[in-house]
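Please keep the sequence and the structure in view while reading.

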Amino acid sequence: MSMKNLDLVQKENAAVMQAMQKAIADNDEAGFAQAWQQFANNIQEAVLADAKELIGVQDAAVLAQRGVRQLTSAETAFYQKAIDAMRSVDPKQALTSMDPVLPKTTIDRVMEDIAKTHPLLDMITFQNVGALTEIITSTTSGVAAWGELTSTIASELGASFAMVQLGQNKLSAFIPVAKAMLDLGPVWLDTYVRAVLVEALATALEAAFVDGDGKNKPRGMTRKSTGAVDGVYPRKDAITVTELDAVTIGGILNTVSQGPNSTRRAVPRLLMAVNPADYYTKVYPATTVRATDGTYNNDVLPYPIDPVQCAAVPANYAVFGLAPKYLGLLGTGGGKGGKLEYSDEYKFLEDVRTYLIKTYANGQALDDNAFVYADITNLAPAVLKVEVTNADEIGGV
C-alpha cells in the first residue's frame with residue numbers, strides 16, 4: 001500500500017469508520033477487527049511517511065502543521081518508557097512495571113484535536129476531569145430577594161445537586177504499533193497515538209452523547225432522564241417536523257427555553273444535529289432558497305441555528321437543543337484510565353504488537369428540556385411563498 005498523508009487518510013477513514021459502526025451494530029467481531037486494522041494502518045502509514053519526509057526539520061511551525069508537537073518532559077518520559085517496554089521480550093510485564101498512565105496534557109491535546117474535527121463535541125460542554133471519578137452539578141431552586149436576610153429566606157435559596165459518575169463507563173481503543181514506529185522516537189509515537197485516539201474516541205463519544213441509552217455508557221441527548229428499565233433510558237417522544245418555518249422553530253425554542261424549576265432561559269443559538277444522509281436529502285432542500293438573481297442561499301433558517309452533520313443521529317430524526325447544556329466528561333478514572341496495556345486479543349501481523357488504551361467517560365443533558373427529539377421523515381423542501389395583498393389592482397381589475 002502506498003504512503004498517504006493525513007488529509008487523505010481522514011477521507012478514507014470516513015468509510016472505514018462507517019464499516020466499524022456497522023460491525024458494532026451487527027455484533028460482528030471479525031468485521032470490526034478487519035475495519036479497525038485498516039483504520040490504524042492508514043494512520044500509521046501516513047505518520048511514517050511524514051516522518052520520512054520531515055527528517056531533520058526543526059521548524060516547530062512546519063512540524064505542527066503535520067500534527068507533530070513539542071512534548072513536555074513528562075510526555076517524553078512516558079513515550080520513551082513505552083517504547084522501551086514495547087521492545088522488551090515481555091511487553092506486558094514491562095508495561096505493568098512502569099504503570100504507563102497517559103499524561104493529562106496528552107488527553108488535553110486529544111480533546112483539542114477532537115473539537116477541531118468534530119463540531120458537535122466542540123459545541124457541548126466537554127471537560128477533561130483528569131483523575132476525578134465524579135462531578136457535582138447544581139441548579140438553583142430559588143431566586144435572590146431584596147430585604148432582611150432571615151433564616152426562612154436563606155432556607156428557600158436552596159439548590160438541587162446531581163452527582164455525575166465518571167469512572168463507571170470505560171472506553172477502550174486498540175492500537176497496533178509496528179516496530180518501525182518505535183524507531184521514530186517519542187514525538188512521532190505521540191503523533192500516531194493521538195491521531196488514533198482522536199478518531200476512535202470521537203466516534204464513540206458522539207454516538208454516546210447523542211443517542212447513548214445510559215447503560216454502561218453516557219445518557220444521550222435523545223433520551224429521557226427517567227423511566228430507565230434495567231439501566232436503559234427510553235428515547236424521548238419525537239415531535240413531528242415537516243417544515244423549518246418560524247412557527248415550528250418557535251415551538252422548539254419555547255420548549256428549550258424552559259429551564260428547571262419553572263425558570264426561563266435565553267437561547268442565543270440552537271443546535272440542529274442530523275444524520276449526514278438526512279442533511280443532504282431533507283435539511284438541505286428545506287433550507288436552500290433561490291434568490292431573484294438566480295443564485296442559491298443555503299441553511300436559510302428563521303433563527304440562529306447551527307446545522308451539524310453527525311452519523312450518530314438516527315436516520316429520519318433530528319436533535320434540536322441548547323448545546324452547552326450537554327455535559328460530556330473525559331478523564332483517567334481515578335488513575336485507572338488512560339493507561340497503555342499490552343493486549344494478546346488481536347494478533348494481525350508478525351511485525352505488529354497491539355496495545356490497549358483505556359479512558360473513562362460519561363455525559364448527560366443537564367435537564368430534560370435542553371434537547372428536543374424530532375421526526376423529520378416528511379420534512380418538505382423550501383418553497384418561495386408569494387402573498388398577494390390586493391388582487392383588485394392586478395391586471396387592471
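## Contact between two helices

Which residues in H4 meet which residues in H10? In this predicted model, Thr76, Tyr79, Gln80 and Ile83 in H4 meet Pro186, Leu189, Asp190 and Val193 in H10. The axes of helix H4 (residues 73-86) and H10 come within 9 Å and cross at roughly 90°, which makes H4 roughly perpendicular to H10.

When its neighbours within four places in sequence are left aside, Arg194 is in contact with Gly67, Arg69, Thr106, Arg109, Val110 and Asp113.

## Strand S14 and its partners

Strand S14 (residues 371-375) has the highest mean pLDDT among the elements of the protein chain, at 98, and S14 is mostly covered, with four of its five residues buried. Strand S10 (residues 317-321) runs antiparallel to S14 and is joined to S14 by five bridges, and within this pairing Val319 has Tyr373 as its bridge partner in S14. Strand S5 (residues 239-240), in turn, pairs with S14 in the parallel sense over two bridges, where Ala374 in S14 is the bridge partner of Ile239.

## The buried side of H11

Helix H11 (residues 246-256) has Ile249, Ile252, Leu253 and Val256 as its buried residues. Because they cover an arc of only 100° around the axis, these residues lie on the same side of H11. An α-helix has 3.6 residues a turn, so residues three or four places apart point the same way. The elements that cover the buried residues of H11 include S14 together with S5, S10, strand S6 (270-274) and strand S9 (305-309).

## Confidence along the chain

The protein chain averages a pLDDT of 80, and 77% of the residues score at least 70. At the other end from S14, helix H8 (residues 151-156) has the lowest mean pLDDT among the elements, 46.

Over residues 141-145 the pLDDT is below 50, and this stretch has nine contacts in the model beyond near neighbours in sequence. Residues 147-159 likewise stay under 50 in pLDDT, and for them the model has 13 contacts beyond four places in sequence.

How values were computed:
Residues numbered from 1 in each chain as written. Predicted model: local features only at pLDDT ≥ 70, side-chain atom pairs only at ≥ 80, totals over all residues. Heavy atoms only, no water. pLDDT = per-residue confidence, 0-100. Contact = heavy atoms within 4.5 Å. Buried < 20%, exposed > 50% of the residue type's maximum accessible area, 1.4 Å probe, protein only. Pairing = 2+ DSSP bridges. Arc of directions from axis to C-beta. Axes fitted to C-alpha atoms, helices over the stretch in contact; angles between N-to-C directions. Parallel < 35°, antiparallel > 145°, perpendicular 65-115°, else oblique.
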